[in-house]
Amino acid sequence: MRALEFNDVSFTYKGSGSKALEGVSFAVNKGEFITLLGRNGSGKSTICLMSNGLIPHALPGALEGAVRIFGQEVRERSVAEFSKSVGIVFQEPESQLFCMSVEEEVAFGPENLAVPREEIGDRVEWALELVGMKGFNDRSPFSLSGGEKQRVAIAAALSMRPEMLVLDEPAYALDPVGRFELYSVLKELKQKHGMTVVLAERDPEEAVAFSDRLLLLEDGKIAGVGATRNVLRDPQKLSSLGIAPPQLSELAALLNSRLPGESFSFLSVEEAERTLSEDFFAQGRARRA
Ligand code: ADP
Ligand code: MG
């Protein structure tokens, strides 16, 4: 069973004259980290909101095709039911925090599920530690920085023990430090916890280092999908879709254009350094010798 499956999905928001999604088909395997990329209005948020049933249950419209979340058709279950398996984090940290303390915030979901008190305590500690917010239990969410708020929002989603996490441009409102810490958490979720993640982004710079696949969107349609490394081999295509190519992709494209027969595609600075010192610099030394 797939974590998420979109089968020829089109959606028009109620009252809107145009389709927000058109003929979208893709699937996410369990344990996979997929990043949705596209400029504003390309359909990222619509896909996120459909991935836990908020569309069409809370935001109505005309939905065609089939969306399955862990095998359940989105129209056949409530958002409350999907919220047991899917956690969601939004752009604006303020919009999703409403409790008096960080601990209450992170305990809120499991309390609603009537999880035993002792287990709630364990889950809160586990989730706060995972997002690097251990010891912040009694702080007011409103006293935190944007990045800390987003990490509390992630902890609040994780304490439900979801099978899949959906994040809609979570770094949007953050400063560079907040962004760095947020992406460190996402990387850990992928590498240490094998979490199934759907991440929507306008800027792929950080996410490519730990995304298994990239899905490119334009005007509500899929403009490309593939393994991260392969999609990044075509930085011009990203630019044409209004997505700034990662700097390492531009470097790789430049090297490939200068070196016939090479087809570099780097996902991290470490990987670029390793590949170049083995391949390129070694050959250069041989040529010079
Ligand atoms: P993104 O997240 O990539 O910016 P969205 O999924 O928000 O894209 O938007 C896709 C399309 O749906 C856009 O044309 C947008 O204007 C439209 N749209 C988004 N939300 C609504 C809404 N609540 N009502 C009507 N149209 C909407
Ligand atoms: Mg959006």
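The model is predicted, so local features need pLDDT of at least 70 and side-chain atom pairs count only at pLDDT 80 or more, while totals for chains, interfaces and linings use all residues; side-chain values use heavy atoms, with hydrogens and water left out. Residues are numbered from 1 along each chain as its sequence is written, and chains are lettered from A and ligands numbered from 1 in the order in which they are written.

**Ligand 1**

- The residues around ligand 1 are Y13, A20, R39, N40, G41, S42, G43, K44, S45 and T46; a residue is near a molecule if one of its heavy atoms lies within 4 Å of it.
- By class, this shell has two nonpolar, six polar and two charged residues. Ala, Val, Leu, Ile, Met, Phe, Trp, Tyr, Cys and Pro count as nonpolar, Asp, Glu, Lys and Arg as charged, and the others, Gly among them, as polar.
- Helix α1 (residues 44-50) gives the most to the shell, with three residues. Helices (H or I, at least four residues) and strands (E, at least two) are DSSP runs, numbered from the N terminus.
- A backbone N or O atom of G41 lies 2.6 Å from an oxygen atom of ligand 1.
- A side-chain N or O atom of K44 is 2.8 Å from an oxygen atom of the ligand.
- For T46, a polar side-chain atom lies 2.5 Å from an oxygen atom of ligand 1.
- On its own, ligand 1 has 560 Å² of accessible area, of which the protein covers 62% (Shrake-Rupley method, 1.4 Å probe).

**Aromatic pairs**

- The structure holds six aromatic pairs. Rings of Phe, Tyr and Trp (its six-membered ring) pair if their centres lie within 6.5 Å; planes under 30 degrees apart count as stacked, over 60 as edge-to-face and the rest as tilted.
- F33 and F210 form an edge-to-face pair, 5.3 Å centre to centre with 75° between the planes.
- This pair links distant parts of the chain, 177 residues apart: F33 is in strand β3 (residues 33-37) and F210 in the loop between β8 (196-201) and β9 (213-218).
- F33 is buried at 0% relative accessible area, and F210 is buried at 6%. Buried means under 20%, exposed over 50%, and partly exposed in between (1.4 Å probe, protein chains only).
- F33, Y183 and F210 form one aromatic cluster.

**Charge over a ring**

- The charged end of R161 sits over the ring of W126, 4.2 Å from its centre. This requires NZ of Lys or CZ of Arg within 6 Å of the ring centre and within 35 degrees of the ring normal.

Technical notes. A polar contact is a pair of N or O atoms within 3.5 Å; within protein, one must be able to donate a hydrogen and the other to accept it, and residues adjacent in sequence count only if both atoms are side-chain atoms.
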